[in-house]
Each structure stands twice: as structure tokens, then as C-alpha cells.
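Welcome, and please take a moment with the model below. The notes after it walk through some helices, a few aromatic rings and several loop residues.

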Amino acid sequence: TLELQLTPALVFLHSTLEQLQEKDTDHIFTTPVDLKEVPDYLEFVSEPMDFSTMRDKLEAHKYSSVADLESDFNLMISNCLRYNSNDTVFHKAAMQLREVGGAILRHAQLQALSIG
Ligand SMILES: CCOC(=O)c1ccc2c(c1)NC(=O)[C@@H](C)N2
């Protein structure tokens, strides 16, 4: 099997990603937006992002810091705020997740500094 090389840094980033995904209680960010269901999505969003893609990137060692994780998280949120109008469940969920996720990321950043 492909053993995921779990260094302490990867374990820490994985735990941070899990904490973020836990807050997506409606599971609207679990997988990529289905382009068959949302055919005009790429007219508004140039780089789609979702939690399953972030998980794959983490396991491919594409993230080396909390900041790397944070930029894909922010991309995912801003895509949602751009595509969905303000009065939608998606837009409101993204605003909420941005706030809660931001606190999780700030705490993770502080922890990363202190453990070196
Ligand atoms: C089965 C239909 O699913 C959707 O239309 C849909 C499903 C999930 C979505 C989404 C649309 N739009 C979004 O912006 C992101 C956040 N999530």
C-alpha cells in the first residue's frame, strides 16, 4: 500500500484540515462543484477548490506550511462567495466558514510557531 509518510508536520497539517472540514456541517465543500450540475461555474471561477482536493494535495506533499493550507482554504471560500449570490445558503455558509476557519488557522499558525 502507499504508506502516507506521516511526519509530525504532515500530521499537524492533516489535523488542521480535519478541524476546518468539521465546520463544513452542510458538507457543501466536501467535493469539487459538479460542472455537469453547474455548467457555467468556470465562467466565474478560474481555479476550483474543495476539501477533497486539499486532502489530495496534502498527501502529495504539496503543502509545506499552514500558510499553504490557508491559501487554498481562502481560494475555496472566495470561489463560493463569487459564484453564489448573497441570498443563497452557499454564500451564507461560506461567510460563516470563513470566520470560524480563520480562527482555526490563526491558532494553528501560533502552534506551528511555538513547536518550531
Ligand atoms: C447536486 C447539485 O449540487 C450543486 O449544485 C452544488 C453542490 C455543492 C456546491 C455548489 C453547488 N456550489 C458551490 O459553490 C459549492 C460551495 N458547493
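Where is Thr30 found? Thr30 sits in the loop between α1 and α2, and it comes up again under the loops below. Please keep in mind that this is a predicted model, in which local features need pLDDT of at least 70, side-chain atom pairs count only at pLDDT 80 or more, and totals for chains, interfaces and linings use all residues. Residues are numbered from 1 along each chain as its sequence is written, and side-chain values use heavy atoms, with hydrogens and water left out.

Helices here are DSSP runs (H or I, at least four residues), numbered from the N terminus.

**The α4 and α5 pair**

- Two packed helices are described by the angle between their axes and the distance between the axes.
- Helix α4 (residues 66-83) and helix α5 (residues 89-115) pack at an angle of about 170 degrees, and their axes are 10 Å apart.
- Those axes are lines fitted to C-alpha atoms over the stretch in contact, and the angles run from 0 to 180 degrees between N-to-C directions.
- α4 and α5 are therefore roughly antiparallel to each other, a label for angles over 145 degrees.
- On the α4 side, the residues that meet α5 are Val66, Ala67, Glu70, Phe73, Met76, Ile77, Cys80 and Leu81.
- Their partners in α5 include Phe90, His91, Ala94, Met95, Leu97 and Arg98, as well as Gly101, Gly102, Leu105, Ala108, Gln109 and Ala112.
- The residues of this contact of α4 with α5 divide into 14 nonpolar, four polar and two charged; Ala, Val, Leu, Ile, Met, Phe, Trp, Tyr, Cys and Pro count as nonpolar, Asp, Glu, Lys and Arg as charged, and the others, Gly among them, as polar.

**Helix α1 and its buried residues**

- Helix α1 (residues 8-22) has 15 residues that should span 21 Å at 1.5 Å a residue, and its end C-alpha atoms are 21 Å apart, which agrees; the expected span is 1.5 Å times one less than the number of residues.
- Leu10, Phe12, Leu13, Thr16, Leu17, Leu20 and Gln21 are the buried residues of α1, where buried means under 20% relative accessible area, exposed over 50% and partly exposed in between, with a 1.4 Å probe and protein chains only.
- What covers these buried residues includes α3 (51-59), α4 and α5.
- Thr16 has its place in helix α1 and counts as buried at 1% relative accessibility.
- Not counting residues up to four places away in sequence, Thr16 touches Leu69, Ile104, Leu105 and Ala108, a contact being heavy atoms within 4.5 Å.

**Helix α5 and its end**

- The 27 residues of α5 should span 39 Å at 1.5 Å a residue, and the end C-alpha atoms are 38 Å apart, which agrees.
- Buried in α5 are His91, Ala93, Ala94, Leu97, Gly101, Gly102, Ile104, Leu105 and Ala108.
- These buried residues of α5 pack against α1, α3 and α4.
- Just after α5, Gly116 takes a positive phi of about 80 degrees.

**Aromatic pairs**

- A search of the whole structure finds two aromatic pairs, meaning rings of Phe, Tyr and Trp (its six-membered ring) whose centres lie within 6.5 Å.
- One of them joins Phe44 and Tyr83 edge-to-face, at 5.4 Å centre to centre with 85 degrees between the planes; planes over 60 degrees apart count as edge-to-face, under 30 as stacked and the rest as tilted.
- The pair links distant parts of the chain, with Phe44 in helix α2 (residues 41-44) and Tyr83 in helix α4, 39 residues apart.
- Phe44 counts as partly exposed at 40% relative accessibility, and Tyr83 is partly exposed with a relative accessible area of 24%.
- Ring pairs link Tyr41, Phe44 and Tyr83 into a cluster.

**Loop residues**

- Thr30 counts as partly exposed at 27% relative accessibility.
- Leaving aside neighbours within four places in sequence, Thr30 is in contact with Gln21, Asp24, Asp50, Phe51 and Ser52.
- His27, in the loop between α1 and α2, has a positive phi of about 55 degrees although it is not a glycine, and His27 is exposed, with a relative accessible area of 58%.
- His61 has its place in the loop between α3 and α4, with a positive phi near 60 degrees, and counts as partly exposed at 45% relative accessibility.
- Pro39 lies in the loop between α1 and α2 and is exposed, with a relative accessible area of 67%.

Definitions and conventions. Helices (H or I, at least four residues) and strands (E, at least two) are DSSP runs, numbered from the N terminus. Angles under 35 degrees count as roughly parallel, over 145 as roughly antiparallel, 65 to 115 as roughly perpendicular and the rest as oblique.
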